[in-house]
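Good morning, and thank you for joining this group meeting.

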Amino acid sequence: MKRLSMGIVALAACVAMQAAVADKKYGPGVTDTEIKLGQTMPYSGPASAYGAIGKAEIAYFQMINDQGGVNGRKINLISLDDAYSPPRTVEQVRKLVEEDQVLALFQNLGTPSNSAVHKYLNAKKVPHLFIATGATKWGDPANFPWTIGFQPSYQVEAQIYAKYILKNKPGSKIAVLYQNDDYGKDYLKGLKDGLGDKTGMIVAEASYEVTDPTVDSQIVTLQGSGADVMFTIATPKFAAQSIRKVYDIGWKPLHLVNNVASSVGAVMTPAGLDKSTGLITALYMKDPVDPQWDKDAGMQRWHAFMKKYMPDANTSDFNYVYGYGAAQLMVMVLKACGDDLSRENLMKQAANVRDVTLDVSLPGIKYNTGPSDYFLVEQLQLARFDGKRWVLFGDVIGK
Amino acid sequence: MLGLLVLLAAAVALPFVVSNYRVFQFNMVLVYAIVLLGLNMLTGYNGQISLGHGAFYAIGAYAAAILMDHFGWPYWATPPVAGALCFVFGFLFGLPALRLSGHYLALATFALAVAMPQILKYKRIEQWTGGVQGIVIVKPDAPFGWKLTPDQWLYLFTLAILVIMFVLGWNLLRGRVGRAITAIRDHPMAAQAMGVNLALYKSLTFGVSALYTGVAGALGAVVVQFVAPDSFTAGLSINFLIGIVIGGVASISGAVYGALFIQFVPNFADQLSKAAPWAIYGIFLLAFVYLMPTGVAGFVRLAWRRMRGAKGREEAIVPRGADS
Amino acid sequence: MEAFLHQVLSGLATGGIYASLALALVMIYQSTNHINFAQGEMAMFSTYLAWNMINAGLPYWWAFLLTVTISFAAGVVIERVIIRPVENAPVLSVITVFIALLVIFNSVAGWIYSYTIKTFPSPFPEQPLFGNRFISSHELGTIGVTLAVLVALYAFFRFTPLGLAMRAAAQNATSSRLVGIRVGWMLALGWGLAAAVGAIAGMLIAPIVYLEPNMMSGVLLYAFAAALVGGIDNPFGAVLGGFLVGVLENVVGAYVVGTELKLTVALVLIVGVLLVKPTGLFGRVFVTRV
């Protein structure tokens, strides 16, 4: 009898406990008051200019925490330096997952860095969210269901440029300058795919290494090919050099630059605003220097955020807009989880983003994911630089 | 001898007392220790400055990755092949390097290290190397169904290889060959006059040094489970040089101290300062060089000798810096 | 033909950059028998100081002069405080100290100034000479200033007693002390001069490659190669080496292997030159005695 009653009490206790816990499910790194997220960023080394993104995200979460956090929980973003070196990324990610026990990885930056931990994170079922690289291979839910990218894929963007060239300058000769790594080559592939059977239009390709002091020699070679369309796929410093050199040698091609190299503060101004006139790019977020967004509510919030939480930062640096946008999306996803902050639910919410607009995204551009579509943003809009700012033209392209 | 056994026992016990993440870190320490022993042979004992060992490490790593990924080789068969391949490359590099010394040799080796990432990205060999995307490697499980995590097993595997290579190296450096090598460093002309074949020994040392580094590279690739050109920049070679200086030039135990330094001090510096961690690292470097001019190994030896009084045994070979 | 000429001229322009930093490296070698790996980062830091001054409103030439002076003083201080403890240490320890300096300067610059690129003004006119499209006035100016500094340094070392004392101190410290030369201060002076030359190089390079903490990392390798190819103890050789490396790099990239192997082939050729002439094209050949 005693054993039976003990058993009933035990059973009742279990049921009661289940009922109490049923509303709250916590994955690792979550308590009633805190959510731990982790990321690796290149705060040192050749890609250190992107460290600004990590700083912006830390500041944004600070702002959210000051406003009460997400559903009452403060976000703790542990941001570690991996110096853009894959072995170090592996080490830091293992630390975040195994020692710091974070709930998820957020906005890890760099294609090789993310490649190094791709399999590990998916094997360990850790959400690998909104990673800061546009490489196309991240949108693969069938094989890697725990990894989702963030920005429009490089290939999609390059295909938009290809279509633009085919429409506005058919039969032209194209020259390409690209960074000799995953990033540059992904764009180049996209361009070639977009040109379809007209890849013969590309008459010259020149690559550069991030350790090269200048790209002047490459520009001279490209001019020598007789091309009248130029596509610069570069990071800010080299894009600025390219734009300036193209102007200085008196070459006047239709000059396209990729999105990463379109920051007015970090590229156009150093290159020379007058030398940048006529450039074409594709955008999906608002440029902080563009006066047309002065009255825009979203950008006003961004400016207020920068003033209060990053007062010493250079507000013409697009990295701060990008980081803000990614962090805002993350907060939305976390909010949608409610009290079920298990890794499974977080992944589910991240894979079910519907028609989200961010403070900093261009009007008409929506963020969407689905269980079989892990490409968050597939839309961009073309813009032309008029000597002061990027002037949008045409419609938003993409799905 | 007893001390060494105690150390070995501690090393074997380590993976069972610390977390998997730490085991991974210590595994890298073992890998770096093998590299540093190789580099020490060339630069410390033989006086040929190499700023390019990262290149041999990369060759070893890629050899392992390609064998495992393209040809399905098991991981344990890759270190010997990586070592042999690097021996050949090292020897071949050492031949023309005979004409260079000091700063000029440093530049030539540094040029090799700097060019390595670009070579690895070259499109003609892309189908083997994976180009800019690199190659992902699967971590092996413990064999025979032993109850070890992959991290623990790999650590013990690396430890076993390290012990073998250290014993071999110690034997080599202690005997005739070692004496010939250091004689070449200290007084090449006298050594030659005494009958030491300068060209042969110098090139062989280059080869053996590269062999050690290649084996370590292969092991490192399996531990990290990923190889890409960005993993093997010139900074890696500089890191190895720092390792042997801090650990102790021309010393075998120095390899372990140096490996501990280059693995853990950057992390430590990161914890001390988020704003400028590498500045803290630089200050650590300066501190170590000022306070322990003969490296940690030299410092330990001095302290040991002082503790044991004047009866401490002298080393047969007194370590000195490489020629300028 | 025009394209080839363009590449050569562009190569001379880039070569001017390498030559200016190579001069600083030769400078420090002639006075201390060491190659300072941190030279590039020190030059970069000096340029940031100048940028600070110009941003604060100081006219260019005042900022230039002030920066060169401060860099000189800083070089002296660094030698006395940081290098002195390892003056007699093995060369590897000295190299480690240089690497430590490199890392410290780079990290502190990144911390203070962030990693976004900044523009640095050029004292030369914006308009290219004779309206040519091949080489900008600034690039020509860089070559000109480098040559001027070269001649000044050569004259200093060759014709002044102080220069002679410095060379003696570097080559034979013991004998120099015996004739009354304050070796320690000669070394410090050497560092100061090298830092000053480096600052000039930095201020010439920044307008071309844009100012950021990592701006010198690519240049340093080529400057190193240039200095060695020309003969590490010969300032003329270093400058010539710089131009040679610049043109070689451009021509190889444009006509021989394409840009994907440009760096590799350039380095192979440089090493090749060293194999033929192991002490550089114009370096002194050392005959060692038993």
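Predicted model: local features only at pLDDT ≥ 70, side-chain atom pairs only at ≥ 80, totals over all residues.

Residues are numbered from 1 along each chain as its sequence is written, chains are lettered from A and ligands numbered from 1 in the order in which they are written, and side-chain values use heavy atoms, with hydrogens and water left out.

I begin with two helices from separate chains. Helices (H or I, at least four residues) and strands (E, at least two) are DSSP runs, numbered from the N terminus. The axes of α8 (residues 236-248) of chain A and α8 (residues 183-209) of chain C come within 9 Å and cross at roughly 80 degrees. Axes here are lines fitted to C-alpha atoms, for helices over the stretch in contact, with angles running from 0 to 180 degrees between N-to-C directions. α8(A) is therefore roughly perpendicular to α8(C), a term covering 65 to 115 degrees. Lys237(A), Gln241(A) and Arg244(A) meet Pro207(C), Ile208(C) and Val209(C) in this contact, where contact means heavy atoms within 4.5 Å.

Next, the hairpin. Strands β13 (residues 379-385) and β14 (residues 390-398) of chain A pair in the antiparallel sense over 6 bridges; pairing requires at least two DSSP bridges between the strands. Ala383(A) has Leu392(A) of β14(A) as its bridge partner. Between the strands lie 4 residues, and Gly387(A) of this hairpin takes a positive phi near 105 degrees.

Beyond its neighbours within four places in sequence, its contacts include Met41(A), Glu57(A), Phe130(A) and Tyr322(A).

Turning to the cores, the largest nonpolar core has 210 residues, and Tyr57(B), Phe232(B), Phe240(B), Tyr281(B) and Ile83(C) touch the most other members. Such a core is a set of buried Ala, Val, Leu, Ile, Met, Phe, Trp, Tyr and Cys residues joined through side-chain atoms within 4.5 Å.

Finally, α12 (residues 343-350) of chain A is mostly covered, with 6 of its 8 residues buried. Among the buried residues are Arg343(A) and Leu346(A).

Note on methods. Parallel < 35°, antiparallel > 145°, perpendicular 65-115°, else oblique. Buried < 20%, exposed > 50% of the residue type's maximum accessible area, 1.4 Å probe, protein only.
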